[in-house]
Amino acid sequence: DQIRPKIEAHIREVKDFPKKGINFRDIMPLFTNPQLVNELCVVIADHVRHTVGHVDSVAGLEARGFLFGPQVAIQLGVPFVPIRKKGKLPGATIEASYQKEYGEDIVAIQEGAVKSGDIVFLIDDLLATGGTLRAAANLIQKAGGKVGEAFVLIELAPLNGRAKLPDVKLTTLISYD
Ligand code: 5GP
């Protein structure tokens, strides 16, 4: 709770990016303040310990989930599971598809990265329509794992991405109307 205004102060609003009419929330200014990034990852790890409980791994979504996921995993002393776009991870993979604004996208994890019964803490930077996080949750469930919690720094509330995740406990640090 104490960290929220500090994080909020580092989020930049960029109008008309990546195209006209979209109000992009840029989290990159946060990384000009390494101490705050570290504080944030420690706070997230404490939150996992106290409210989620035991987790077997932390999964993060390409690309901005990779900015936080490994740091939280290191804090917790558990493996980090990268979730990437199809075709990026070598070896055997498990895939899940989701609808994007234009057409379909596919995300993947490496086979064996999530084991049957694993409890996974899922992290990304932002929840918009919820398609990305839904696909990630499907992927973890397909591998036999359970999403202990999905966590995003920012929720764009009017897009109601939350509705796509009725079976997942979802925590957001900052919500924009
Ligand atoms: P969704 O699938 O929920 O519609 O979109 C969420 C995904 O798109 C996330 O992986 C997130 O990184 C990216 N995204 C969409 N809009 C924004 C935005 O305004 N700011 C940032 N930082 N990421 C966004």
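About 1,100 Å³ of space lies in the largest pocket of this predicted model, where a pocket is an open set of points on a 1 Å grid over the protein atoms alone, with protein on both sides within 12 Å along at least five of seven lines. Grid points are joined across faces, edges and corners, and a volume is the space filled by probe spheres set on the points. Because the model is predicted, local features need pLDDT of at least 70 and side-chain atom pairs count only at pLDDT 80 or more, while totals for chains, interfaces and linings use all residues. Residues are numbered from 1 along each chain as its sequence is written, and side-chain values use heavy atoms, with hydrogens and water left out.

**The largest pocket**

- The lining of the largest pocket holds 30 residues, and those closest to its centre are Phe24, Leu126, Ala128, Thr129 and Thr132; a lining residue has an atom within 4 Å of a point.
- At least two lining residues come from each of β2 (23-26), β5 (93-99), β7 (119-127) and α4 (131-142), and β7 gives the most, with 4 residues; helices (H or I, at least four residues) and strands (E, at least two) are DSSP runs, numbered from the N terminus.
- By class, this lining has 14 nonpolar, 6 polar and 10 charged residues, where Ala, Val, Leu, Ile, Met, Phe, Trp, Tyr, Cys and Pro count as nonpolar, Asp, Glu, Lys and Arg as charged, and the others, Gly among them, as polar.

**The second largest pocket**

- About 170 Å³ of space lies in the second largest pocket, and its lining includes Asp1, Ile3, Arg4, Phe151 and Leu173.
- Both α2 and β9 (170-176) supply at least two residues of that lining, with the largest share, 4 residues, coming from α2.
- The lining of the second largest pocket divides into 6 nonpolar, 3 polar and 2 charged residues.

**The cavity**

- The count comes to 1 cavity of 30 Å³ or more, a cavity being a set of points where a 1.4 Å probe fits but cannot get out.
- About 30 Å³ of space lies in the largest cavity, which is lined by Leu61, Glu62, Ile83, Arg84, Lys85, Tyr98, Val107 and Thr132.
- Strand β4 (residues 80-85) gives the most to the lining of this cavity, with 3 residues, and the lining as a whole divides into 4 nonpolar, 1 polar and 3 charged residues.

**The packing of α2 and α3**

- Helix α2 (residues 34-52) packs with helix α3 (residues 69-76) at an angle of about 55 degrees, their axes being 9 Å apart; axes are lines fitted to C-alpha atoms, for helices over the stretch in contact, and angles run from 0 to 180 degrees between N-to-C directions.
- That angle makes α2 oblique to α3, since angles under 35 degrees count as roughly parallel, over 145 as roughly antiparallel, 65 to 115 as roughly perpendicular and the rest as oblique.
- By class, the contact of α2 with α3 has 8 nonpolar, 3 polar and 1 charged residues.

**Backbone features**

- Most residues other than glycine have a negative phi, and most peptide bonds are trans.
- The peptide bond from phenylalanine 17 to proline 18 is cis, with omega near -5 degrees, and proline 18 is found in the loop between β1 (12-15) and β2.
- Aspartate 16, also in the loop between β1 and β2, has a positive phi of about 60 degrees although it is not a glycine.
- Glutamate 62 and alanine 63 are joined by a cis peptide bond with omega of about -5 degrees, and alanine 63 has its place in the loop between β3 (57-61) and α3.
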